[in-house]
Structure formats: structure tokens, C-alpha cells
Amino acid sequence: MAIFDVPLDELRRRSSIKWRRFEPDVLPLFVAEMDCMLAPAVREKLEQALAIGDTGYPELPTYQEALADYAAWQWGWNTDPADATLVTDVVTGMRDVLVAVTEPGDAVVINPPIYPPFRGVCHDRRIVEVAMVDDRLDLEGLEEALRTEQPTAYLLCSPHNPTGTIHTREELERVAALAEKYNVTVISDEIHAPLAGARHVPYLDVAEDAVIVTSASKSFNLAALKSGLVIGPAAIRAKLRPMVSDGASYFGVIAHSAALTGGREWLAEAAEEIAGNKAYFAQQLGERLPQLSYAPSEGTYLAWVDCSPLGLENPGREFHQVGRVRFNLGSEFAQESAQFVRVNLATSHEIIAEAVARMAATASTLGGGA
Ligand SMILES: Cc1ncc(COP(=O)(O)O)c(C=O)c1O
């Protein structure tokens, strides 16, 4: 069985956000949960722990070692496990680093459209927006913002969510040069990196005085099993609240480590299926909604689709209310993106086809530009 061939009636037995947030007749392709079963390597390790009642606190640097080994194997990037601190998850890790390296009122750069918690973690910091241009980093805009707004931190999303952009080594080197020139701490969220494969460049491969926050959670669908890593200089990690490491769950550590160590073949298969799903989604859109142009993204299993040719007022809401299919609304990622939807393609062809059929039905019912 293919990884993403879990039947819809089985998926509907789940009670996570994806399957319980909206009405039962709504087909959910929103939040970044995958419609797959656990990678066998992860399941095996969790079952072994359950069998012997091994349900206590984490102690050993298993996750740090697994990530370092994975990074050397996948990206040729050598990082010392001792340079990584265990954290609850990526968002709280990012928040804790930001609190540690900035002061209330400091300016912090983000690149909209952006995964919504990037704004949330800035809470009492001042957000400086440098929008993506044609789905890539705007390096000139970035320099201008660093020069004029004098931020102390930059929250980089690498690969970028929602566009799926994989930043090139050249782009990241330019970011690193600017960060050094303007004395900005880059905090790079690399949670989507394992699935992006060899094309991803770890930010710490081009810079030293920066932080990566990462986890196996997105690539292996492990959000329920909380844990993550903050990687970077001891001087920065030493500023984290002393209790920060206590947030990760031991089952998170077991699952994420098993994924990175024993789940590599599973991930390669998942990445191949996702590439196929993107092509299938493009084909379905071409047949049923040829007004939309969709170019598959490089990283992530997310599609960022501009629906403005359909002439709908608020496409994401209308797809939900009329078509009974739910995507993330573009406005969650940037005010200017209200005509976009983010579609989660970590699912079966059957669900993708049904989702596009529901989009097309919405467009024809509301009779916009369709
Ligand atoms: C870019 C990005 N960062 C962080 C997260 C959430 O990570 P965690 O559950 O480890 O906080 C997501 C989830 O979709 C994400 O896309």
C-alpha cells in the first residue's frame, strides 16, 4: 500500500484537529497533518517502549545524535550533537530563542506570506515585514529593512511555509552576510527540511552565529509526539530559560529519533508520492479549473494556490461553505493573500480529486470568473 492511501473512512476515525475542527461532511485539506500511517521504524520503537513501560522522562542525547547523523547523511552538514538543546516543539523553541536574544519592543523581521505562529511568537516585539517576491526572498528589501528598522532578529522559514520555497545556498549566504553586517540574529525554522531532501541547505552551513529550530515532526507526521531541537552556539542556547528542555516528551524523543534514523526509506517513498500528488493536483486543476495556474512547490507537501481568476469574494471561505472542502485561508498567512488557499497534499489521489471537484463545484455555483 502506498503511504498516502489511507481510506477516508479510516481517516475520519481520527480525532486530531484535521478531522474534528470542521463539520463531518467537510473534506479537510488544511492543517499540516499527513494522511498516512506511522513510519514502521517509529511505530516499532514506540511499541518497544510501551511494552516495557518505558514512559518516563528523556535523559540521553538520542535526538541530538540522530539529527546530527541525519544532517551529515542528507546534507553533508556536520553538526555536533552537543550543539543542540532539546525543546518542547519548534514553535515554542522559536519563541524561547526569540525571547532570549531580543528585548520587548525590538524589531523582528518575517517574510509574509508566512506560517501564522511566526507573528504570534513575536508578541511584544515589533514585526517588520519583508514580503516574499515571486515566492522567493526579497534580498534587497531585506537589506533595506535591516538598515532602516534595525531589527535584532530575523525569523527565517526554510523551507518556506506556505510557498514551499527552498532557499538556495546563494540566497542564504547573502542573508548571512546581511545578518552579520547589521548584527541580526537569524532564527531559522527548518521543520520542513527533511522532506525537502538534498536541495535544502541548513542555515548553519553558511553562518555561525545563528540558530536552527527543527524537528522531525512535519516530515514524519509526529505532531502528537512533542519534541524539537534548538541548534546553535552555546552562548545563545545558554540564554534559554533553564526549564526549556523539560517540555519535550520522552515519546517525542523516541519517535523523532527513530524517524531520522530508521525512517529514511519511508521518507524517500513519502517524498516521491508527494511529488506525484503535486503533479496529480496540477493535472486535476488543469482539467476542472483551468483558470488557475499552479506550479508545484519544491519543498513541503503544501500547495499555495492563487484563486483570484475565479472571481470569488473569499475563496477559502466559499470553498468551505459551498463546496464543503477546507483549506487554510490565504489571509492567515498575509492580509494581502486573501485570494490564496493553502492546500495540504499529503493525502491520497482520491481525496485530491474530490477536493478539486468541490472547488470546481463552488466556482460554478457562485458563478464568478469560472
Ligand atoms: C514552518 C513551521 N514551523 C513550525 C510548525 C509547528 O511545529 P511544532 O508543532 O513543532 O511547534 C509548523 C507546522 O506546520 C510549520 O509549518
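**Aromatic pairs.** I counted nine aromatic pairs, taking rings of Phe, Tyr and Trp (its six-membered ring) with centres within 6.5 Å. I called planes under 30 degrees apart stacked, over 60 edge-to-face and the rest tilted. Y115 and F118 are edge-to-face, because their ring centres lie 6.4 Å apart with the planes at 80°. I then checked their cover: Y115 is partly exposed at 28% relative accessible area, while F118 is buried at 0%. Here buried means under 20%, exposed over 50% and partly exposed in between (1.4 Å probe, protein chains only). W304 and F340 make a stacked pair, with centres 4.8 Å apart and planes at 20°.

**Source notes.** The model is predicted, so I kept in mind that local features need pLDDT of at least 70 and side-chain atom pairs pLDDT 80 or more, while totals for chains, interfaces and linings use all residues. Residues are numbered from 1 along each chain as its sequence is written, and side-chain values use heavy atoms, without hydrogens and water.

**Ligand.** Which residues surround the ligand? I found A32, D89, V90, V91, Y115, C157, N161, D189, I191, H192 and K218. By class, this shell has six nonpolar, two polar and three charged residues.

**Ligand oxygens.** A polar side-chain atom of H192 is 2.8 Å from a ligand oxygen. For V91, a backbone N or O atom lies 3.0 Å from an oxygen of the ligand. I also noted a side-chain N or O atom of D89 at 3.5 Å from a ligand oxygen.

Note on methods. Near = heavy atom within 4 Å. Polar contact = N/O pair within 3.5 Å; in protein donor to acceptor, adjacent residues only side chain to side chain. Nonpolar A, V, L, I, M, F, W, Y, C, P; charged D, E, K, R; others polar.
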